[in-house]
Structure formats: structure tokens, C-alpha cells
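Please examine the sequence and the three-dimensional structure shown below.

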Number of protein chains: 2
Amino acid sequence: MSDMSVVINARMVAFVIHALAVVVSVMVFVWSISYRGGFAWESKNKTLIFNLHPVLTLIGLVFLGGEAIISYKSLPFEKRVKKSIHLVLHAIAIILGIIGIYAAFKHHNEKHIPNLYTIHSWIGIGIIVLYALQWMYSIIVFLFPRVSSTLRSNSLPWHVFLGVFVYVLAVGNSVLGFLEKLTFLEKSGLDKFGSEAFLVNYMAIFTVLFGTLVLLIVFSKSPPTADEDNFSYSAI
Amino acid sequence: MSDMSVVINARMVAFVIHALAVVVSVMVFVWSISYRGGFAWESKNKTLIFNLHPVLTLIGLVFLGGEAIISYKSLPFEKRVKKSIHLVLHAIAIILGIIGIYAAFKHHNEKHIPNLYTIHSWIGIGIIVLYALQWMYSIIVFLFPRVSSTLRSNSLPWHVFLGVFVYVLAVGNSVLGFLEKLTFLEKSGLDKFGSEAFLVNYMAIFTVLFGTLVLLIVFSKSPPTADEDNFSYSAI
């Protein structure tokens, strides 16, 4: 849709986004360490292996992924610098995501729980595959010098649409994960209105708020400025 | 973002959208009737009251809501006709959504299950409140003849952003609902890889696909045509 952008001060919104990422990251560490016993890669207490999963996927795919998406509008650098930051942050996001997903499988395998029976796991596999494919395709199209500018221009709206699609799936899937884990715990006796239940549900709400503000920046434009060319939001 | 629209044939995509809505509607009826025992408003079998909830919220907020969103691009009528269809479909969506949510509370109350302890319920309340507020505000801004065209132009990007926001929440929350219900059933002994589990998970996948295609139409443009003015995608 041409000219459907909301007009906002992207740097101000980005500040709220950074703050939310820090707050929810602290919350997920508090949850994993104080309520769920901490982390381990090898342990007889298999819960400690699982605990790596929400921390890595949330901080990787949702928070670093979100920061990567808004980097064109949130950072005061030249376009070529922001382009590098965009792709490096996404690369770190994918790596953390893969390790986080691996931790979930490791937990299942060592505890003899079947794999891939929930919609959370199905969507999660879809996300990491699409995320990695999108990253590789975009490296070729937007970084290789020989690619024609026509192909870049034609690819950009699809790059944005598919990127937003995968990102919305990642945010939504983290909420699915919170719900799933909390439902398991409540079925095992956890108080439905206790402090842990509220902590997890508020993490989910704040994660949705974070993702919403990221997309607000994507679909926004700033009032025009003199240095528009250097600071424009474009991967071309 | 100006000029970030993907170029697609909206009428073709809309055809797939209608087909998906029919397929998943049939699936949710099959699930509710053949696997879960059918429907009732008053019954000693409280499950029959609950069964109204997924059918009404999914068909209302997700499918009719989605059809309302794409109506500007999917229907071959004049703009004023499409505007009426847009607001009437959203009104029906809201009414079905309210009855569907009421059925969930009724089921909880009659079975003495606590209300509003899950993230699915919290987000659901947020959706129906925002959906209704957005509808009422939009009726005033885009329908009342006395409103200035400047206010309409300025409101339109926010109308689209908030509408897409609430719609993504509705699609995501239906997936949360499927996961929650299936987790409850599996904890009570339902086969994790049985036919019902696959039916519910595929409903969730198809619902996400439906929502994705709706948003593809929102963020698309068609090649220009001679009758562009009458058929443009604009609420103004």
C-alpha cells in the first residue's frame, strides 16, 4: 500500500523497544533461574537443559531479530553500516535460535518425551527454516555487487513482507511457548493465579507489545529531513 | 512505508482465502460435532457449551473479519458498496465474537473453572475491546459526512495499522486457543499423534495461512487499471 505509513518519531519508539527488550530479558532470566532452577547443557536434572530454550529463542529470534529489523530507523549511522548491523544481528538471532531449538530437542530426547507433536514445535521449525532461507537469499540479492538494481527493487517489498511474516510468527510462537509451558506447570499443580503464572503471562504480553512496536516502526515514516538519502529505510 | 507493496493478483489470492475459510470452517464443525459431541446452550454436559466458543470466534473474528478486511480488493463492486460490506462484516464478526467469548465464560462458570487465568483469555478480552472500539471510531471518522477529509486521510494509516494489529492478535489467539485445548485433552490422555491432534494442529496451520494471505492482500497493489478510482483500496 503506497502512502499508508503512520507518522511517528521512530527514535523515540525505538527507545521504548530497547527498554522492553531489557525488561523482558531480565524477566526470562529471573523465571529460568529463580523459579525453574537455572541452566545446564549436561545434567541429570533435564529441566535445566530445557531452560536454555526460552532464553535463547526469545533473546535471539524475538529481541535481536526485532532490533535487526528496526536498525535502519533506530540507529544514527550511514546506510552501509546499518545494512551490516541488520544482517549481523539477524545472523546472531538465527544462531541463538538454532541452539535454543536444539536444547528443546535435547531435553525431549534425554527425558524420552516425543518430539514435534505440538503446534508450537511445528511453527518453530517453520520459523527457523524460513528465517535462514530469507537471510541467505537476501545476502545474495542485496549484498552481491553484480545484482541488478531492478531485481533489488522488485525483491524489497517481498523481503519486507516475508521478514515481517516470519517475525510475527516468531513473536506469536514465543507466546504459544509461554502458554504451553505454563499449562504443563499448572496441570502439575502450579497456582493458576500465583506469582510465576503472572510473571510468565506478563512476559507474553510484553513480548507482544515489543513486536507491535517493532512493526509500528516498520510501517512508519518520519517527517522528511535534509539527510534523507543517507538515513532512508531501504535495503537497496 | 511508501511503495513497499507487493504486486499480486488480489482476486486470485482472495479465491484461495475464501476456499481456506470454507475448509477450516468445515474442519472446526467436524471437530466440535464428531470428536467433541456437538453444541448446546443449556446442558448438563458442559463441554457442549464450550464447543460454541471455537466455532463462533474462529468463523466470526478470523474468517468474517478477514473477509471484511479484504473486501475492498476481493469484491467487484463500487467503493461505497464495499465500504458497507466492510463495516457490516466486521459488525457480524464482533457479535459472533462476543457470543463465542460469552460461551467460554458460561462453560467456566457452570463447571466452576476459574476465569481469565490464561494468556489466551487475556489477549481475547483485549481483542474484542479493541475490535469494538476500532469499529465505533471508524464509523464516526469514515462514515459521518461532516468529518473533514484531512482527519480521514490522517486516520487511515492508523486505521490500517490498528486493524492489522487486532487481526494478527485474533489469528494468533485462535492458534493459542487450539494449543491450549489440545494440551488439556492430551494431559487427559488424548493420543499426541492421533487423528484429533492432527486435525486441530492442521486447523491452526490453515488459520495462520488464511491470516497470512489476508495480510498479503492488505500489503499488495495491483497493476494500474482504467477504473482505478472506483476500485481503489481506500476507506476515504
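The following paragraphs treat the interface, then the aromatic rings, and then the salt bridges.

This is a predicted model, in which local features need pLDDT of at least 70 and side-chain atom pairs count only at pLDDT 80 or more, while totals for chains, interfaces and linings use all residues. Residues are numbered from 1 along each chain as its sequence is written, chains are lettered from A and ligands numbered from 1 in the order in which they are written, and side-chain values use heavy atoms, with hydrogens and water left out.

Consider the interface. In chain B, 48 residues are in contact with 48 residues of chain A, where contact means heavy atoms within 4.5 Å. The two chains bury about 4400 Å² between them, and 81% of this area is on carbon and sulfur atoms. Buried area is the accessible area (1.4 Å probe) that two parts lose on being put together, summed over both. Between chain B and chain A there are zero salt bridges; a salt bridge is a side-chain nitrogen of Lys or Arg within 4 Å of a carboxyl oxygen of Asp or Glu.

Which elements of chain B give two or more residues to the side that touches chain A? They are β1 (6–7), α5 (119–143), α6 (149–187) and α7 (195–218) of chain B. Helices (H or I, at least four residues) and strands (E, at least two) are DSSP runs, numbered from the N terminus. The largest share of this side, 16 residues, comes from α6(B).

Aromatic rings come next. A pair of aromatic rings is described by the distance of the centres and the angle of the planes. Rings of Phe, Tyr and Trp (its six-membered ring) pair if their centres lie within 6.5 Å; planes under 30 degrees apart count as stacked, over 60 as edge-to-face and the rest as tilted. Over all chains, the structure holds 21 aromatic pairs. One of them is edge-to-face, because the rings of A:Phe193 and B:Tyr117 have planes at 70°, with centres 6.2 Å apart. This pair crosses between chains, from the loop between α6 and α7 of chain A to the loop between α4 (79–111) and α5 of chain B. B:Tyr117 is buried at a relative accessible area of 7%, whereas A:Phe193 is partly exposed at 40%. Here buried means under 20% relative accessible area, exposed over 50%, and partly exposed in between (1.4 Å probe, protein chains only).

A:Phe219 and B:Phe219 form a stacked pair, because their planes are at 10° and their centres 4.7 Å apart. Each lies in the loop between α7 and β2 (220–221) of its own chain, so the pair joins two chains. A:Phe219 is buried at 14% relative accessibility, and B:Phe219 is buried at 13%.

Finally, eight salt bridges are counted over all chains. In one of them, A:Lys106 meets A:Glu42 at 3.4 Å, N to O. A:Lys106 is in helix α4 of chain A and A:Glu42 in the loop between α1 (10–35) and α2 (47–50), 64 residues apart. Another salt bridge joins A:Lys46 and A:Glu110 at 2.9 Å, N to O. Salt bridges that share partners join A:Glu42, A:Lys46, A:Lys106 and A:Glu110 into one network.
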